[in-house]
Amino acid sequence: MPYRDHDMLVIELGSHTCRATLSLAESLAPPQHRFPTRVGVLPSGDYICSNDLEDATSSTEAESLNIIRPLVAGKVADWKALVALLSHILYTLTGKEPILQPVGNPVLVMCPPCWSPTERERLTQLFFQTFRVQAFMAADPAVASLFACSSLSGLVIDIGHEKTDVTGVFESIISHPSRQTVSQLGGRQITEHLLSLLRASPPLDQATQQSLSASEITLELAEEIKCSDICEVPLGNIQQPAATKGATEDEGVLDIAAVVASGKTREYLARAEAEKRNEGGKKQQVIPNAQLSHNTLLLKSGRTIVVDGARFKAAERVLSSNELAEAIWSTVNHPTIEASRRHELWENIVIVGLGARISGLREALLMRLQDRFASTGQLGAAPVAIYDPYGQAQAPTIGAYPTILRAIKIPVHFPEWNIREADIATGNASSKGVPEEATFLGAQIIAHIAFTDTSHSSIASRNYLDRSMYTELGPCAIHSI
């Protein structure tokens, strides 16, 4: 039977954050809820999540609280904790206690690609027998990412929390033999690298103009800087402001952070006020962040700090990774992929994942791949050796070198996922979806297509399991859809 968009529930599982939405909006909006992938276990044995967990960690119960990560690098580390987290997600969305009351909704779950068939079967069994859903399907993040960009074929680079997955997809079919995973390369490693940079060159406290102490430069601070607008990958050379009028002004352009860093804030403000009275003042222009040697950041605590060029180097770990470059090369040039179809991957690259949230990272990574792999018209040695499944080395085949690399993005006909100048001017940009969460948009598209389809009656042609099929065939039927 077809289901209404109003009843559909979409969940994306991640090692750092889980996203979920109940009731698909007409414009397929960003996720309604984001849940930290952490579960607390009280001395009584009860599980707590989200706000309850945050409250407990800041109370006197913190010492007796055991915090568990149900998913680590995409793999299930604790099934009981994962069940508790999913129960919390379902309760938040539906208002029902899922173990006591049937959920009754069609549910799509986006599973990490490293999950085994046994884990997918166990998840299917959980949703039908414990949560008692009406229909269920498990989708792959790579296919969903391409759906979000209106493509059926392409190369998906998913930079997650602790790993990066590289997947080739042709006509919505995943090339499983060529799929590569680069461990210890994700958002966490970017944060750790930024932390080391900040400790080598500490930020300044704007109020005291003193460097932060070593105890104040924490992983949480590095994460907050990484997630801010001042952290980016400059795509050109960083241009310092012209050294005129104390290296802070040039034809009405003001570098506020440079003034603060110089320690002469009061003197400059007094001079600026005098000039404003005498000359009527000049309209100041905003300098792009990439052109500032220092920039300020207002922290969640209310404190303002001044950060130097370390904020431009946070993504070095990803951009300079030979392991990632080799994984991309090995995926595209895997022996199971026809040489004549490799261009479909090079020309439809999607970079997603919260590890790719830094502005400019996608463009910089594409430029690095272009410089390393793009054909120059001369055949040279392959950047990475190509191996068949049996380990015997092979020579590069025709089509191994791309003639063009192209990244694709979310189309403009998804207004909730495209930020326009008007959104920035009205302050609505924060409510928009972000490109690194394109996988969730694709999951909603898949859910809409699958659960509203009435043209297929057999399991071989259907995209989801309903209760009657599950009762007849069991959890292993999830592999047939």
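**Exercise 1.** Sort the lining of the second largest cavity by residue class.

Solution. This is a predicted model: local features need pLDDT of at least 70, side-chain atom pairs count only at pLDDT 80 or more, and totals for chains, interfaces and linings use all residues. Residues are numbered from 1 along each chain as its sequence is written, and side-chain values use heavy atoms, without hydrogens and water.

- Step 1: define the cavity. On a 1 Å grid over the protein atoms alone, it is a set of points where a 1.4 Å probe fits but cannot get out; lining residues have an atom within 4 Å of a point.
- Step 2: list the lining. It consists of P113, P141, A142, V156, D158, D165, T167 and R179.
- Step 3: apply the classes. Ala, Val, Leu, Ile, Met, Phe, Trp, Tyr, Cys and Pro are nonpolar; Asp, Glu, Lys and Arg are charged; the others, Gly among them, are polar.
- Step 4: Four residues are nonpolar, one is polar and three are charged.

**Exercise 2.** State the volume of the second largest cavity.

Solution. Grid points are joined across faces, edges and corners, and a volume is the space filled by probe spheres set on the points. The second largest cavity comes to about 30 Å³.

**Exercise 3.** Describe the largest cavity and its lining.

Solution. 

- Step 1: take the volume, about 470 Å³.
- Step 2: count the lining. It has 35 residues, with G14, S15, D158, G160 and H161 nearest the centre.
- Step 3: split by class. Eleven are nonpolar, twelve polar and twelve charged.

Terms used: On a 1 Å grid over the protein atoms alone, a cavity is a set of points where a 1.4 Å probe fits but cannot get out, and a pocket is an open set with protein on both sides within 12 Å along at least five of seven lines; lining residues have an atom within 4 Å of a point.
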